[in-house]
Amino acid sequence: MTRRRRILVLLICCMSLLIVSLDNTIVNVALPSLGHDLHAPVSGLQWTVDAYTLTLASLLMLAGSTADRVGRRRTFQTGLVIFTAGSLLCSLAPSLGWLVAARVVQAVGGSMLNPVAMSIITNTFTDRRERAQAIGVWGGVVGVSMALGPVVGGLLTDAVNWRAIFWINVPIGLLALFLTWRFIPESKAPSARRTDPVGQVLIIVLLGTLTYGIIEGRAAGPAVSAVCFTVAAVALAALVVFELRRPEPLIDMRFFRSAPFSGAAVMAVSGFAGLGAFLFLNTLYLQSHRGLSALAAGLCTLPVAATTTIVGPLSGRLVGTRGPRVPLIVAGVCLAAAGALLSQVTLTTPLPLLLGIYLVFGVGFGMLNPPITNTAVSGMPLAQAGVAAAVASTSRQVGQSLGVAIAGSVVSGAASSAAANSAFVSAAHVAYRVNALYGLIVLSVAVLTTGRWARATAERTAARLMESPQITLSRG
């Protein structure tokens, strides 16, 4: 394959990342308009976001193994078709229920795009230096999507309506589908992992019941919440027991004997819970309670996107030269500080001061993301590095889903209050204190899982994994 052809493959894969990542940010800015048109309560807005992120989290690992078995290009094309069709259905949704269902369809397609696209890139760029450059471009697209999502979403919402934010995916998806058929070669793994339907169902039950209990607990009552949390706990216990006994599990529970790997999962959940809560609360605060337009609210998030884009590469360099501890500690401190500062914000807080706090949050999140994957794969055998990175990616989506669920549940009662503005601000202060707690968790876990003891646990885990027959087979 010529260099020009390889670059074209990279650009096609980046198109898929762009539309999937855009959907994580572009929808948030349209939530007030969407909720007004569809008469959706706060819980309905939560499901609009979480139906997408939860489905992604549940299916990411299944999509990767399926692509290795049936073909990466075929899976990638299937994902593009489903995602594009789901986007079209979202734009035509006549009610909240139909919109949430269409968001699930979108996410089923999205789960087949990003992990499969990364596999395509890895197999296309065989030279180590070229591969590193390609992955750098891939990572840069995430920053671009964070910057473009709220602004493009606000512009389309103000100029047309909220349905337009889903229209934009249709032409991009169709173009990517044609280019994939024309230029991306088919590839498969020499020995693909077997499917794990029981593990997959248990993950869906675990995440679904946990999120339902958090979002609907206030309205459904404590009995329903107790049932949901009990089912989630049983599903988690069954998942651990079943996966430990399976020769080729969906999630290898032995990974969690490595302190860096476990720490990376905890930090991914906590950090992205903070991001999900921030994006969700920010759009309600700026539009529904401060009266800004969708476009103005989107522009207010640019400090977060800009600092994330600038600080991310710096964090990556620090990881390479000094290890993950320094950027992770900085991330924890900044996220905790941003949460504490936001818990003091009122409806009359000057906009420049608010944007300054957003900058602090952006620095924290920008420092957090690069070391997570590095910490997750630290010390892992090469044959298992991809699976470890996939678990870290899944943890990010789980965290974002839980962040929206928890923050929305905290402020949902304020939306129906007679003094809605003051009630929302008071409730949002509680939610932002929870965000500060997420930052403290990142800080504490970073200190605990990046030292000498933690590295020793990673080395012992890697040695045990290398002795496993299934690892030996996959390396051969």
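Predicted model: local features only at pLDDT ≥ 70, side-chain atom pairs only at ≥ 80, totals over all residues.

Trainee: Which helix holds L34, and which residues beyond its sequence neighbours does L34 contact?

Mentor: L34 is found in helix α1. Leave aside the neighbours within four places in sequence. The contacts of L34 are then L45, T48, L99 and W162.

Trainee: How far apart in space are L34 and V398, C-alpha to C-alpha?

Mentor: Along the sequence, 364 residues separate L34 from V398. In space, the C-alpha to C-alpha separation of L34 and V398 is 24 Å.

Trainee: How do α1 and α8 run relative to each other, roughly parallel or roughly antiparallel?

Mentor: Helix α1 covers residues 3-38 and helix α8 covers residues 169-183. They pack with axes 10 Å apart, at an angle of about 150°. Angles over 145 degrees count as roughly antiparallel. So α1 and α8 are roughly antiparallel.

Trainee: What is the handedness of the α1 and α8 crossing, and which residues make the contact?

Mentor: The crossing of α1 and α8 is left-handed. From α1 come R5, L8, V9, I12, M15, I19 and D23. From α8 come N169, I172, L175, A176, L179, T180, R182 and F183.

Trainee: How do the residues of the contact of α1 with α8 divide by class?

Mentor: The α1 side includes R5 and D23, and the α8 side includes R182. Arg and Asp count as charged. The contact of α1 with α8 divides into 10 nonpolar, 2 polar and 3 charged residues.

Trainee: Where is H39, and is H39 buried or exposed?

Mentor: H39 sits in the loop between α1 and α2. Its relative accessibility is 70%. Exposed means over 50%. H39 therefore counts as exposed.

Trainee: What is the phi of H39?

Mentor: Most residues other than glycine have a negative phi. H39 is not a glycine, yet its phi is positive. The value for H39 is about 55°.

Trainee: Why do α2 and α3 count as roughly antiparallel?

Mentor: Helix α2 spans residues 42-70, and helix α3 spans residues 72-92. Their axes are 8 Å apart. The packing angle of α2 and α3 is about 150°, and over 145 degrees counts as roughly antiparallel. α2 and α3 are therefore roughly antiparallel.

Trainee: Which residues make the contact of α2 with α3, and what is the class count?

Mentor: α2 gives Y52, A63, T66, A67, D68 and V70. α3 gives R72, R74, T75 and F83. By class, the contact of α2 with α3 has 5 nonpolar, 2 polar and 3 charged residues.

Trainee: Is I215 buried or exposed, and which residues does I215 contact?

Mentor: I215 lies in helix α9, residues 197-220. At 5% relative accessibility, I215 counts as buried. Leaving aside neighbours within four places in sequence, its contacts are S43, Q46, W47, D50, A405 and S409.

Trainee: What separates the C-alpha atoms of I215 and V404?

Mentor: I215 and V404 are 189 residues apart along the chain. Their C-alpha atoms are separated by 8.9 Å.

Trainee: Which backbone oxygen lies 3.0 Å from a polar atom of the side chain of T283?

Mentor: T283 lies in helix α11, residues 259-289. T283 is buried, at a relative accessible area of 3%. Beyond four places in sequence, T283 contacts N28, V29, L31, P32 and S288. The backbone oxygen at 3.0 Å belongs to N28.

Trainee: At what angle do α11 and α15 pack, and what is the handedness of their crossing?

Mentor: α15 covers residues 351-376, and its axis is 9 Å from that of α11. The angle is about 155°, so α11 and α15 are roughly antiparallel. By class, their contact has 17 nonpolar, 5 polar and no charged residues. The crossing of α11 and α15 is left-handed.

Trainee: Which residues does T308 touch?

Mentor: T308 is in helix α13, residues 302-322. T308 is buried, with a relative accessible area of 12%. Not counting residues up to four places away in sequence, T308 touches M146, G362, F365 and G366.

Notes: Residues numbered from 1 in each chain as written. Heavy atoms only, no water. Helix = DSSP H or I, 4+ residues; strand = E, 2+ residues; numbered from the N terminus. Buried < 20%, exposed > 50% of the residue type's maximum accessible area, 1.4 Å probe, protein only. Polar contact = N/O pair within 3.5 Å; in protein donor to acceptor, adjacent residues only side chain to side chain. Contact = heavy atoms within 4.5 Å. Axes fitted to C-alpha atoms, helices over the stretch in contact; angles between N-to-C directions. Parallel < 35°, antiparallel > 145°, perpendicular 65-115°, else oblique. Left-handed = near helix turned anticlockwise from the far one by under 90°.
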